[in-house]
Amino acid sequence: MSAKALLERYVAVWNEPDATVRRAEVADLWTPDGLHYTQTRRFQGTESLVARVTEAYDQFVGGQGLRFRAGGDPVGHHDALTFNWVMTPGDSDTVLAVGFDVVLLDGDGRIAADYQFNEPPAPSADLDLQAERHLSAGTVATEQLLKETADRYLPGARLVDESGVHEGADAIAAALTVGGARHLAGSASAQHDAFRYPWRTQSGETGVDFLLRDEQGLVRAHYCFTGAGRHPA
């Protein structure tokens, strides 16, 4: 399934009025033990996911006549996909809410984990500082970068970008220096074990980094998505 086709099916399931069809689509999109996270809630398994989607449908689509739509083209590589979605009145293109999702896929292209963020995130000076520390990697000396990478990442961590999968501190440090300096381009946000922040380069290139961290804040997986995070104003 292409990234665009997955996004279309994902958005459609939240608008689906037929409960039987909705259940079947949820079971087909997610793995049997698939996860869905919001800022404060966690859902796992088909029954929980069906209840979550049905709750959203009843509140917004069935209850208020609103509609979920794709907010542009998806951006993804390897086992991950990112996209924006918007919520509009059913008969209008007026954007009432914007969201941003990162989905991690299994080998068959089904959703293993889905992290849903609302846009814009609430500002947090502490999270922004953490993001800026990660983004500064491209501007520090090699020896310092190797030490900082070893301090921030778990031994078996990996960084995944368009060029490949980089495993271990040395490979991660090398990948972080490619492309030069990046700067924070909005508020960072976090939920559960996930941390993400938007960035830009001096040349105007933009993107989003998405990190999965352990309880001590050490990174176990780091995804870089160039071009992600753009959505209608």
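With which side chain does the side chain of Ser189 make a polar contact? In the predicted model, the partner is the side chain of Arg196, at a distance of 2.7 Å. Ser189 belongs to strand β11, which spans residues 189-191. With a relative accessibility of 6%, Ser189 is classed as buried, because the limit for that class is under 20%. Leaving aside residues up to four places away in sequence, Ser189 touches Phe117, Pro121, Leu127, Ala194, Phe195 and Arg196.

The protein as a whole contains six helices and 14 strands. Its radius of gyration is 18 Å, close to the 17 Å given by the globule rule for 233 residues, so the protein is as compact as a globular protein of that length. Along the principal axes, the C-alpha atoms fill a box of roughly 60 × 35 × 30 Å. Of the 233 residues, 46% are buried. Among contacts between residues at least 6 apart in sequence, 48% join residues at least 24 apart. As for separation across the chain, Val95 and Gly204 lie 109 residues apart in sequence, and their C-alpha atoms are separated by 25 Å. Val95 is located in the loop between β5 and β6, and its relative accessibility of 29% places it in the partly exposed class.

Rolling a probe the size of a water molecule over the atoms shows where empty space is left. The largest pocket has a volume of about 360 Å³. Its lining comprises 20 residues, of which Arg52, Phe60, Trp85, Gln116 and Asn118 are the closest to the pocket centre. Two or more lining residues are given by each of α1 (3-15), α3 (46-64), β5 (80-89), β6 (97-105) and β7 (111-119). The largest share, five residues, comes from α3. By residue class, this lining divides into 11 nonpolar, six polar and three charged residues.

The second largest pocket has a volume of about 280 Å³. It is lined by 17 residues, and those nearest its centre are Asp161, Ala175, Val178, Gly179 and Cys224. The elements giving two or more residues to this lining are β8 (153-161), α6 (169-177), β12 (194-201) and β14 (219-226). Among these elements, β14 gives the most, with three residues. The lining of the second largest pocket consists of six nonpolar, six polar and five charged residues.

Backbone geometry was also considered. Most residues other than glycine have a negative phi, and most peptide bonds are trans. The peptide bond from Glu119 to Pro120, however, is cis, with omega near -10°. Pro120 lies in the loop between β7 and α4 (125-135). His78, although not a glycine, has a positive phi of about 55°. The position of His78 is in the loop between β4 (75-77) and β5, and its relative accessible area of 47% makes this residue partly exposed. A positive phi, of about 50°, is likewise found at His192, which is not a glycine. His192 occupies the loop between β11 and β12. At 43% relative accessibility, His192 is also partly exposed, since that class lies between the limits of 20% and 50%.

Methods. Residues are numbered from 1 along each chain as its sequence is written. This is a predicted model: local features need pLDDT of at least 70, side-chain atom pairs count only at pLDDT 80 or more; totals for chains, interfaces and linings use all residues. Side-chain values use heavy atoms; hydrogens and water are left out. On a 1 Å grid over the protein atoms alone, a cavity is a set of points where a 1.4 Å probe fits but cannot get out, and a pocket is an open set with protein on both sides within 12 Å along at least five of seven lines; lining residues have an atom within 4 Å of a point. Grid points are joined across faces, edges and corners, and a volume is the space filled by probe spheres set on the points. Helices (H or I, at least four residues) and strands (E, at least two) are DSSP runs, numbered from the N terminus. Ala, Val, Leu, Ile, Met, Phe, Trp, Tyr, Cys and Pro count as nonpolar, Asp, Glu, Lys and Arg as charged, and the others, Gly among them, as polar. Buried means under 20% relative accessible area, exposed over 50%, partly exposed in between (1.4 Å probe, protein chains only). A polar contact is a pair of N or O atoms within 3.5 Å; within protein, one must be able to donate a hydrogen and the other to accept it, and residues adjacent in sequence count only if both atoms are side-chain atoms. Contact means heavy atoms within 4.5 Å. The radius of gyration is taken over C-alpha atoms; the globule rule is 2.2 Å times the number of residues to the power 0.38.
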